[in-house]
Amino acid sequence: MRVVIASGKGGTGKTTVATNLAVVAAAAEQQVALLDCDVEEPNAHIFLKPKIRERHPVMRLIPVVDEAKCTLCGKCGEICQFSAIVLIGEKVLTYPDLCHACGGCKRVCPVEAITEHPREVGKVGTIYPRGIGCWRSHESSGHSGSETGGTERRVDYY
């Protein structure tokens, strides 16, 4: 059985109802996965108080330009819909936080000056509070472990 609790209005008790249904179903030995899709503040964890069992890094491939090979043709910047790679004067600049890891820039480079390197963009943890299958992700913007910090966004999937 699949149950969806949804509403466009905040404060209606969606999370309260969803977490209680999940706890009751899990207590009845049903297989349960709770997914908290609240964009602004996923907070089902407040009700469930989970403990993370495993953590796995989430990686994304980010373009790296070999300036010795680059001919400054600008094709990489033309294909990028997110301006994550741009030609400014005689320099190709990359903005990893804007990159969607589509690989288009690498594919269109006529001299193969672009390679892709993995970059950690967050972590996913597996948790099982009260027999409920849950996943919790922590997304970082900015380089992982960066001294400059960057912003962080937590998304809870229960």
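Which residues does Thr15 touch, not counting residues up to four places away in sequence? The contacts are with Asn43, Ala44 and Phe47. Thr15 itself sits in helix H1. Its relative accessibility is 18%, so Thr15 counts as buried, the limit being under 20%. Keep in mind that this is a predicted model.

Now take in the whole chain. It has 158 residues, and 28% of them count as buried. Four helices and seven strands make up its secondary structure elements. Along the sequence they follow the pattern α-β-α-β-α-β-β-α-β-β-β. Look next at contacts between residues at least 6 apart in sequence. Of these, 59% join residues at least 24 apart. The accessible surface comes to about 10700 Å². Carbon and sulfur atoms account for 53% of that surface.

Two residue pairs show how separate parts of the chain are placed. Ala6 is found in the segment before H1. With a relative accessible area of 65%, Ala6 is exposed, because that value is over the 50% cut-off. Its C-alpha atom is 9.7 Å from that of Asp38. Along the chain, Ala6 and Asp38 are 32 residues apart. Arg119 is buried or exposed? Its relative accessible area is 9%, so Arg119 is buried. The C-alpha atoms of Arg119 and Pro57 are separated by 9.5 Å. Here the separation along the chain is 62 residues.

The largest pocket holds about 1000 Å³. Its lining counts 34 residues. Nearest the pocket centre lie Val3, Ile5, Ala18, Leu34 and Leu35. Which elements give two or more residues to this lining? They are helix H1, residues 14-27, and strand S1, residues 32-33. H1 gives the most, with eight residues. By class, the lining has 16 nonpolar residues, eleven polar ones and seven charged ones.

How many cavities of 30 Å³ or more does a search of the whole structure find? The search finds one. The largest cavity holds about 90 Å³. Its lining has 15 residues, and those closest to its centre are Cys70, Cys73, Gly74, Cys76 and Cys109. Twelve of the lining residues are nonpolar, two are polar and one is charged.

Next, the backbone. Glu29 lies in the loop between H1 and S1. Its phi is near 60 degrees, which is positive in a residue other than glycine. Is the residue buried or exposed? Glu29 has 74% relative accessibility, so it counts as exposed. Ser83 also has a positive phi, of about 55 degrees, although it is not a glycine. The loop that holds Ser83 runs between helix H3, residues 75-79, and strand S3. Ser83 has 41% relative accessibility, so it counts as partly exposed, a class that lies between the 20% and 50% limits.

S3 covers residues 85-88 and S4 covers residues 91-94. The two strands run antiparallel. Four bridges join them. Which residue of S4 stands opposite Ile85? Thr94 does. S3 and S4 form a hairpin, with two residues between them.

Thr15 in H1 touches Asn43, Ala44 and Phe47. H1 also gives eight residues to the lining of the largest pocket. The loop between H1 and S1 holds Glu29.

Conventions. Residues are numbered from 1 along each chain as its sequence is written. This is a predicted model: local features need pLDDT of at least 70, side-chain atom pairs count only at pLDDT 80 or more; totals for chains, interfaces and linings use all residues. Side-chain values use heavy atoms; hydrogens and water are left out. Two strands pair if DSSP finds at least two bridges between them. On a 1 Å grid over the protein atoms alone, a cavity is a set of points where a 1.4 Å probe fits but cannot get out, and a pocket is an open set with protein on both sides within 12 Å along at least five of seven lines; lining residues have an atom within 4 Å of a point. Grid points are joined across faces, edges and corners, and a volume is the space filled by probe spheres set on the points. Ala, Val, Leu, Ile, Met, Phe, Trp, Tyr, Cys and Pro count as nonpolar, Asp, Glu, Lys and Arg as charged, and the others, Gly among them, as polar. Buried means under 20% relative accessible area, exposed over 50%, partly exposed in between (1.4 Å probe, protein chains only). Contact means heavy atoms within 4.5 Å. Accessible areas come from the Shrake-Rupley method with a 1.4 Å probe; for residues, only the protein chains shown count as cover.
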